[in-house]
Amino acid sequence: MEKRFEVTLQNNIKTSVWFTTDNEEMKGKILSLKTQYVIVTDENSLPYSPDKDRTVVLKSGEENKNWEGIEKILSFALGHSMARDGVFVAIGGGVVCDMTALAASLFMRGARLILCPTTLLSMVDASLGGKAAIDFMNTKNTVGAFYPAEDVILSFPVLSTLPEKEFMCGMGEVVKHAFLSEDDSLYKFLFANKDKILSRDKDALMTMVDLSLRVKKSYIERDPMEKKGIRSALNLGHTFGHALESITDYSISHGEAVVWGMKKALTSGLWQGITPPEFYLWCIDLISQFPFLDEYKVQKKDYERFIEATKKDKKKSGGTTKFVFLKGLGEPVLSPLSDDQIAAMIV
């Protein structure tokens, strides 16, 4: 198991990111913990748990990212006499990682946390940065906290088992990081290694995830608690995307919605004169290289619901929701949109 890098967050808290090509190494690290632990997973990732007796199994899917799941985790921990110095270990996708982190933050005012993401999306998104949340009142990630893991363990063999739709879900976030990077190394890597990535070549995936996470690292280290507007750039495509997820009752995957949302943000930026035409085409060219399912049209009857959903975005400030636009590579701009401008984008 190789320690790739550390991320420094608020109060000098550090998260170590580990890469391995052996699921047994991941299991061995969990079993070697010298304190009590509780493993949290779902039906899909249960086979990766090394200790079924200390494993609580959640229902999979975004629709189960709620208080009921948090209560199940906490009840299980108490039932197994876990103390405050115990460790919550998440093995699963973004829903499992987010919910486990929130439960750990609440348990006896804060227990230890390790994340073992098992999807590409959770590797490049939910695993890093300390965000813990559940959905509430049909609004994504409304209730949560900042609570970083002490270790993030990425075991790459799990990616070979992902359904194509789930894999492409994660690729949406990778492409987003390529646009937010301060250099074009990730963009060029994706172009040059498209076939290897789509065939799940282990070495290509490890390099891709490393490059992607380092982009996210640069944003969260400069703005750990999302108070300076820097980290908000990681919301590129998400305000449009989350609203689409909401009005479709999450029948559209997060990654697909984010890619759809990025295209809307790029188009809107172009119309407003924020995004230069050549950069717009440069971004669209990369998106078109991958088989994203991103052609959705919001029905006219749903316009009002969509607009209202954008107003519930958790990143709004002073009552105003700011969308993320790009004026160049690694040059995000946060700006509001009027209801009419939003409606024009989702036709």
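Trainee: Where do we start, and how many cavities of 30 Å³ or more does a search of the whole structure find?
Mentor: The general idea is that rolling a probe the size of a water molecule over the atoms shows where empty space is left. In this predicted model, the search finds 2 cavities of 30 Å³ or more.

Trainee: Which helix gives the most to the lining of the largest cavity?
Mentor: Helix α3 (residues 94–106) does, with 3 residues. Among the lining residues are Cys97, Leu115 and Tyr147. By class, this lining has 7 nonpolar, 2 polar and 2 charged residues.

Trainee: And what lines the second largest cavity?
Mentor: The lining includes His238, Phe240 and Phe323. Helix α9 gives the most, with 3 residues. Here the classes are 5 nonpolar, 4 polar and no charged.

Trainee: Which element supplies the largest share of the lining of the second largest pocket?
Mentor: That is α9, with 5 residues. This pocket has a volume of about 230 Å³, and among the residues closest to its centre are Asn138, Ser246 and Lys312.

Trainee: Now the helices: how do I describe a packed pair?
Mentor: Two packed helices are described by the angle between their axes and the distance between the axes. For α5 and α10, the axes come within 7 Å and cross at roughly 35°. The crossing is left-handed, and the contact residues include Cys169 and Phe179 of α5 and Val258 and Met262 of α10.

How values were computed: Residues are numbered from 1 along each chain as its sequence is written. This is a predicted model: local features need pLDDT of at least 70, side-chain atom pairs count only at pLDDT 80 or more; totals for chains, interfaces and linings use all residues. Side-chain values use heavy atoms; hydrogens and water are left out. Axes are lines fitted to C-alpha atoms, for helices over the stretch in contact, and angles run from 0 to 180 degrees between N-to-C directions. Helices (H or I, at least four residues) and strands (E, at least two) are DSSP runs, numbered from the N terminus. A crossing is left-handed if the near helix is turned anticlockwise from the far one by less than a right angle, and right-handed if clockwise. Contact means heavy atoms within 4.5 Å. On a 1 Å grid over the protein atoms alone, a cavity is a set of points where a 1.4 Å probe fits but cannot get out, and a pocket is an open set with protein on both sides within 12 Å along at least five of seven lines; lining residues have an atom within 4 Å of a point. Grid points are joined across faces, edges and corners, and a volume is the space filled by probe spheres set on the points. Ala, Val, Leu, Ile, Met, Phe, Trp, Tyr, Cys and Pro count as nonpolar, Asp, Glu, Lys and Arg as charged, and the others, Gly among them, as polar.
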